[in-house]
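Hi there,

Here is the structure I promised to send over. My notes on it follow below.

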Amino acid sequence: MAETRRYITKEELEKHNTAGDLWISIQGKIYNVTYWANDHPGGQLPLLSLAGQDVTDAFVAYHPGTAWKYLDKFFTGFYLKDYTVSEVSEDFRKLAAEFSKSGLFEKKGHVVFVTLCLVVMMFCLSVYGVLCSDSRSVRLVCGGLMGLMWIQSGWIGHDSGHYQVMSSRGFNCLVQILSGNCLAGVGIGWWKCNHNAHHIACNSLDYDPDLQHMPFFAVSSKFFSSITSCFYDRKLNFDSVSRFLVSYQHWTFYPVMCLARINLFAQSFLILLSKKKLSTNRGLEFLGLVVFWTWYPLLVSCLPSWGERIMFVVASFSVTGIQHVQFCLNHFSSSVYVGPPSGNNWFEKQTEGTLNISCSPWMDWFHGGLQFQVEHHLFPRLPRCQLRRVSPFIRELCKKHNLPYNMVSFWKANAMTLETLRTAALQARDLTNPVPKNLVWEAVNTHG
């Protein structure tokens with residue numbers, strides 16, 4: 001006798017959207033992941049952001065084929081009534097299947113090995129220069145080299161957080177702790193939590209932490225309403241201090257990026273001290289950060305004067321600031337929205353909220369895969385060395401469905417980012433200047 005299927009409507013599914021009652025739909029089957037959310041390797045927030053929705057596209061993007069076999073134990077016995085798949089989603093899933101069949105997710109090349117070698121070499125050269133050189137200029141260059149090493153170690157942390165770059169999960173975790181916590185002072189636990197939230201809710205002003213930089217930056221005037229961050233679980237107050245800082249953000253952008261490392265240092269400790277559940281080992285993370293805050297201050301203290309010590313730190317922070325700028329270029333000037341991400345237009349939101357950077361293949365080392373941001377957001381598990389290869393397929397898919405596939409030069413991306421910041425800055429100035437606008441005011445503010 002044929003089994004009778006039980007169905008629930010989309011509206012009924014949407015009611016199960018809280019931490020204590022979390023249901024999702026994958027290919028029309030309803031799963032209860034309420035208790036699994038706490039153990040989810042990607043953290044609880046991605047599931048909460050898409051709770052009560054069909055999440056098939058996001059699931060396909062973030063999970064290997066082996067993950068499907070674990071779904072049955074969460075199956076509620078219900079199916080989604082009138083479940084349909086859009087043409088965009090259908091083509092996206094077909095493309096993901098083709099990439100998987102071709103083995104692209106497993107073909108990781110030698111990028112990580114080469115990057116690791118570069119990191120070790122730059123670290124050793126920097127330390128050797130500080131300890132053994134009598135030249136002030138050489139020691140200053142070593143500070144910049146340290147910043148360049150942090151950038152490359154950041155790409156390793158980024159890659160290893162999305163897919164397994166080493167032969168085993170344990171070895172992969174070790175590389176994460178060494179390259180992130182020990183060498184760069186950035187906790188991999190914080191990064192994974194922050195970055196997963198960013199990917200799921202790409203360019204959502206209240207869900208994407210990568211756009212939440214108040215009081216220093218606001219990419220949209222919508223921040224002026226003091227929206228609540230669902231990631232930090234607090235209100236992003238737009239007060240008089242924020243208004244002043246945002247009013248000049250297009251001037252302060254690069255200087256702040258030179259010091260942005262300080263925020264990463266702080267966030268790495270704050271999340272370890274919080275009660276937030278992490279997918280990494282807290283003890284190992286703390287140990288890794290202690291290692292960093294032991295060797296780096298000791299190395300700086302070996303410089304002969306306070307002037308050189310300050311310049312060394314400034315040089316290392318300023319050079320690694322390039323990477324912080326790169327993170328901003330891919331999203332600051334792209335389309336933004338308010339509210340939770342939607343599983344029904346997940347593909348569309350990823351393409352609308354990202355910007356590619358055009359560059360020659362020989363410059364791929366510099367951008368670390370971020371130059372193919374559209375491809376990376378659609379297929380985050382795809383190894384960095386495969387992004388250029390799949391780019392034509394993504395471009396064709398976007399063209400077919402009349403979706404944006406934005407790509408500009410590195411310099412153009414900088415100009416677009418500054419223009420976005422300038423636009424919001426001038427809007428903030430309107431709020432801070434209630435007095436009538438005379439010709440002098442117009443002249444000053446028109447030219448930023």
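In what order do the 5 strands form the open sheet? The order is β1-β5-β4-β3-β2, and the pairing is mixed. Strands pair if DSSP finds at least two bridges between them; helices (H or I, at least four residues) and strands (E, at least two) are DSSP runs, numbered from the N terminus. At the edges sit β1 (6-8) and β2 (17-18), each pairing on one side only. Strand β2 runs antiparallel to β3 (residues 21-26), joined to β3 by 2 bridges; Thr-18 has Asp-21 in β3 as its bridge partner.

A word on provenance: this is a predicted model, where local features need pLDDT of at least 70, side-chain atom pairs count only at pLDDT 80 or more, and totals for chains, interfaces and linings use all residues. Residues are numbered from 1 along each chain as its sequence is written, and side-chain values use heavy atoms, with hydrogens and water left out.

Now the helices. The axes of α10 (residues 249-258) and α13 (residues 306-329) come within 7 Å and cross at roughly 125°. Axes here are lines fitted to C-alpha atoms, for helices over the stretch in contact, with angles from 0 to 180 degrees between N-to-C directions. The two helices are therefore oblique to each other (under 35 degrees is roughly parallel, over 145 roughly antiparallel, 65 to 115 roughly perpendicular, the rest oblique). In contact terms (heavy atoms within 4.5 Å), Phe-253, Tyr-254, Met-257 and Cys-258 of α10 meet residues of α13 including Phe-317 and His-324.

Best wishes
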